[in-house]
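This report describes selected local features of a protein model. The sequence and structure are shown first.

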Amino acid sequence: MSDTSEDTTIYDSVYEIGFLDDIFQTQWNTSEATKKRLHNICYDVILLNAPGDVLIKKICNHANKIICADGGANSLFRAGITGMNIVPDAIVGDLDSVEQNILDYFVNAGSKKVQIINQDDNDFHKSLKYLLDLESDAKYILCWGAFGERFDHEMQGFNVLCKFVLEHQNNLQKKIMMMTGTNFAVVLTPGRHLIKFAKLHGPVCSVIPLYHKATVSTKGLKYDMNNHELEFGGLVSSSNRFSD
């Protein structure tokens, strides 16, 4: 992994997410030059049930498509988006968490209500599958609100990402990230990967062998690794840092 400029064709996947800094730092009266630059960035958002804040408004204001995973509609509404023409494309899930008045507000504004009663999948996974079926042109899917107060929800989020990788391992064109204003996480398959991070999320970086043992080499970290074996019960690279 590295945040330096390189020939990206040598990598199996590239995450260039520095554009998030432009989004997070923009004001509502942003310049035309910044608007034009952001217009050329295409990403979708899956909004999970998380506390509403100004970053939700900013990330959704520039999104290609917005899917609220059930209670994620509450988060969007409470972020103060009324009157701003920010309307999710769909609200997806078993719909036991979204408040009825908020559901009605968004449906009346044009959102599609997609109720899926299936307890084998959580609302995050249902929303991801729904979004993928739309065949959006967006390169990135930002799963906002993936880190919160429930550890089991966070682990289920990593399980959803693992399922996606297993189901689409021969065609991983979409780059999916779990994200909040202070954290982001991606699942890396065996191979070479380049990550150009957003300053908002740096500089702390960890490499965690969540699913199985991994042999890892890095470039661009404060404590780079060279064929280090990572596994639970052994070495885990936590609290590392991106180098300057």
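At what angle do the axes of H6 and H7 cross?

## Packing of H6 and H7

The axes of H6 and H7 cross at roughly 35° and come within 10 Å. The model is predicted: local features need pLDDT of at least 70, side-chain atom pairs count only at pLDDT 80 or more, and totals for chains, interfaces and linings use all residues. Residues are numbered from 1 along each chain as its sequence is written, and side-chain values use heavy atoms, with hydrogens and water left out.

H6 passes H7 in a right-handed crossing. On the H6 side, the contact (heavy atoms within 4.5 Å) is made by Phe-124, His-125, Leu-128 and Leu-132. H7 contributes Gly-157, Val-160, Leu-161, Lys-163, Phe-164 and Glu-167. By class, this contact has six nonpolar, two polar and two charged residues.

## The second largest pocket

The second largest pocket holds about 640 Å³ of space. Its lining comprises 32 residues, and Leu-48, Asn-49, Asn-122, Phe-124 and His-153 lie nearest the centre. A pocket here is an open set of points on a 1 Å grid over the protein atoms alone, where a 1.4 Å probe fits, with protein on both sides within 12 Å along at least five of seven lines; lining residues have an atom within 4 Å of a point.

Helix H6 (123–133) and helix H7 (151–167) each supply at least two lining residues. H7 gives the most, with seven. The lining has nine nonpolar, 12 polar and 11 charged residues.

## Ser-237

Ser-237 is found in strand S13 (residues 237–241). Not counting residues up to four places away in sequence, Ser-237 touches Cys-205, Ser-206, Val-207, Met-225 and Leu-230.

Notes: Points joined across faces, edges and corners; volume = space filled by probe spheres on them. Helix = DSSP H or I, 4+ residues; strand = E, 2+ residues; numbered from the N terminus. Nonpolar A, V, L, I, M, F, W, Y, C, P; charged D, E, K, R; others polar. Axes fitted to C-alpha atoms, helices over the stretch in contact; angles between N-to-C directions. Left-handed = near helix turned anticlockwise from the far one by under 90°.
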